[in-house]
Amino acid sequence: MPVYLDHNATTPIDERVFEAMLPCLKGSCYGNPSSQHRQGRESQQALQHARAQVAMLVGVQPRQVIFTSGGTEANNLALKGMMSVVDAGSRLVVAATEHSSVLEAARALQCEGYPLAFAGVDDDGVVSPTEFERVLIEHKTALVSVMLANNETGVVQDVVQLSELARRRGVMMHTDAVQALGKIDVNFDALGVSAMSLSAHKIGGPKGVGALVVEKGLMLQPMVHGGGHEAGLRAGTENMAGIVGFGAAAALIHPGLEARAEHCEQLRDRTEQALQKIAGVVVFAQQAKRLPNTIFFAVEGIEGATLLMSLDREGIAVSSGSACASGSGESSHVLKAMGVDDSLAHGAVRVSFGSGNTMKDVEQLISTLQEQVESLLKLNSGWT
Ligand SMILES: Cc1ncc(COP(=O)(O)O)c(C=O)c1O
């Protein structure tokens, strides 16, 4: 049986989510939610129901949820939409370990003339409050973006403390909560940020849909102009099946969130115990607060991509670094920011569990890893 251990890249769609989406694809709910007739009104109702489900999951009012085409668009909308209403010359700050959708949006803004700076992280991938404050006060800063949980290491930042520091300095804060959602409790108000990005396909929902959650009264310029959908902040006829699926997935998170997190943590801890027994294994960010489902590690002397392919041949799916970056040949920018040596960073492999994984999957992973590492090391040393 294949073993899927790449839930930070994407999750399999939940059967109940699939069922909820069907009426939008081939059933009764085909109307355009902007239409006045019955079919339109039915779709509008389904849209508002999904908005309420997503809002409820993160503790906000439905009108604070702006549906987008995913986490990437939500991050772009946050950075570009918020920076376009600030005083000229004010700076944008992002953490060095952000997802490429934040980093590249920030670089695009920099090309347009917005000053940009990076907040560094320590050896464990954590943004230190002192470094954060230093960067904020070095130059007039308008907006700072720090992700709640990192997709590669699983490191969870203390966004509550950072947002408090930002607010004191009059700086708006955005957080990318795409990886945190569904794995730990995510409450918008408790985090104290002005905007937060979400994505459906990391929580058992469909791909191609996400949301930007905003505080009430936030000034934001739309990126996509058109027919005034999503309160004028994101035009385009709504992706009804996607949005309804996102709502259904969101509604499934809270019952059992803690139990699922505990289950994943047990799988992770057992894996880490076994990894420590393999010579040359380094687990990254092990001392930091991390998502319960994520392990990012490397075996000295073995390329991450090679190990990934060896495991894949044995039916085990993991990732080498972030899914978007893998295949690029570049080592992880996250590990670079943590000061990890480039040769070790090239060996990085990510295992990310989901609630459907079992101890049997872990045992299969461990024994296959042991075998594959042994044979790859022999091969590397020319010993056949
Ligand atoms: C932390 C983080 N932010 C944003 C995204 C992008 O989300 P989407 O795939 O919905 O565009 C991802 C996806 O991997 C992610 O891990």
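**View 1. The open sheet of 7 strands in the order 2-8-7-6-5-3-4.** The pairing in this sheet is mixed; two strands pair if DSSP finds at least two bridges between them. Strands (E, at least two residues) and helices (H or I, at least four residues) are DSSP runs, numbered from the N terminus. This is a predicted model, in which local features need pLDDT of at least 70 and side-chain atom pairs count only at pLDDT 80 or more, while totals for chains, interfaces and linings use all residues. Residues are numbered from 1 along each chain as its sequence is written. At the edges of the sheet are strand 2 (65-68) and strand 4 (116-119), each of which pairs on one side only. From one strand to the next, the twist averages 20 degrees.

**View 2. Strand 5, strand 6 and helix 4.** Strand 5 (residues 141-145) and strand 6 (residues 172-176) run parallel and are joined by 3 bridges. V144 has M173 of strand 6 as its bridge partner. Helix 4 (residues 100-111) lies across strand 3 (91-95), strand 4, strand 5 and strand 6. Helix 4 runs at about 160 degrees to strand 3; axes are lines fitted to C-alpha atoms, for helices over the stretch in contact, and angles run from 0 to 180 degrees between N-to-C directions.

**View 3. The shell around the ligand.** Of the 14 residues around the ligand, G70, G71, T72, N151 and S199 come nearest. A residue counts as near a molecule if its C-beta atom, placed from the backbone, lies within 6 Å of it. Helix 3 (residues 71-83) gives the largest share of the shell, 3 residues. By class, the shell has 2 nonpolar, 11 polar and 1 charged residues. Ala, Val, Leu, Ile, Met, Phe, Trp, Tyr, Cys and Pro count as nonpolar, Asp, Glu, Lys and Arg as charged, and the others, Gly among them, as polar.

**View 4. The crossing of helix 2 and helix 8.** The axes of helix 2 (residues 38-58) and helix 8 (residues 240-251) cross at roughly 35 degrees and come within 8 Å. The crossing is left-handed, a term used if the near helix is turned anticlockwise from the far one by less than a right angle. On the side of helix 2, the contact residues include A46, A50 and V54; on the side of helix 8, I243, F246 and G247 are among them. Two residues are in contact if their C-beta atoms, placed from the backbone, lie within 7 Å. The contact holds 11 nonpolar, 4 polar and no charged residues.

**View 5. Domain 1 and domain 2.** Domain 1 takes in 3-11 + 256-380 and domain 2 takes in 15-251; such bounds come from an automatic or database domain assignment. The C-alpha centres of the two domains are 27 Å apart. Contacts link 26 residues of domain 1 with 26 residues of domain 2. On the domain 1 side, helix 9 (257-276), strand 10 (294-299) and helix 11 (333-337) are the elements that give two or more residues. That side has 13 nonpolar, 10 polar and 3 charged residues.

**View 6. The open sheet of 3 strands in the order 9-10-12.** Its pairing is antiparallel, and strand 9 (281-283) and strand 12 (348-352) are the edge strands. Neighbouring strands are turned by 30 degrees against each other on average, direction ignored. Strand 9 is joined to strand 10 by 3 bridges, and V282 stands opposite A298 in strand 10. Helix 10 (residues 304-313) lies across strand 10 and strand 12, at about 45 degrees to strand 12.
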